[in-house]
Amino acid sequence: MQIRFTTTIMLSIPVLISLAITLMPMPSSAFVPEDITTLKESKKCPGCDLRGADLRGVNLNGANLEGANLMGANLEGVLLEEATLDDVSCEKTNFRNAKLHGTSMDHATIDGADFTGADLQDVTWIDSRVCKKGSIGVCK
């Protein structure tokens, strides 16, 4: 009797753990569709949630995205000249071949972001320094 009871409990533990994990609230990792519409129509979307959004090739010259969440977004080839990206979360964001000339990225977080081929000339970088002429892919 003792062995059977212990075996039943031991077999139930993984099931209970799986159930508990399944019922835990999971954080959302998707963008807010209304924020993309607002951004495309007005180029003003401070504080927007654009996590994982596909904005490839969009013209966002002069856009205000201060404090927005662009984590994991795809901004490949985006025109972001003279835009405001201060305090933006850009972890794992794809900026490949984006035109960021003259954009402000002061205090932005860029861990894991891909700037391959991106024009960073005159960008106010994350540490407040201004990227020099010829800054392609890396702020010089």
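A salt bridge is a side-chain nitrogen of Lys or Arg within 4 Å of a carboxyl oxygen of Asp or Glu. The model shown is predicted, with local features requiring pLDDT of at least 70 and side-chain atom pairs counted only at pLDDT 80 or more, while totals for chains, interfaces and linings use all residues. Residues are numbered from 1 along each chain as its sequence is written, and side-chain values rest on heavy atoms, with hydrogens and water left out.

**View A. Salt bridge between Arg 56 and Asp 54.** The closest N and O atoms of this pair are 2.5 Å apart. Asp 54 counts as partly exposed because its relative accessibility is 41% (buried means under 20% relative accessible area, exposed over 50%, partly exposed in between; 1.4 Å probe, protein chains only). A search of the whole structure finds four salt bridges.

**View B. Salt bridge between Arg 51 and Asp 49.** The closest N and O atoms lie 2.5 Å apart. Both Arg 51 and Asp 49 are buried.

**View C. Salt bridge between Asp 114 and Arg 96.** The N to O distance is 2.6 Å. This pair links distant parts of the chain, 18 residues apart. Asp 114 is partly exposed at 21% relative accessible area, and Arg 96 is partly exposed at 34%.

**View D. Helix α2, residues 33–42.** Helices are DSSP runs (H or I, at least four residues), numbered from the N terminus. The buried residues of α2 are Asp 35, Ile 36 and Leu 39. Seen down the axis of α2, these residues fall within an arc of 100°, so they line one face of the helix; the arc is that of the directions from the helix axis to the C-beta atoms. Glu 34 and Glu 41 are exposed on the other side of α2. Lys 43, which follows α2, has a positive phi, near 60°.

How values were computed
Helices (H or I, at least four residues) and strands (E, at least two) are DSSP runs, numbered from the N terminus.
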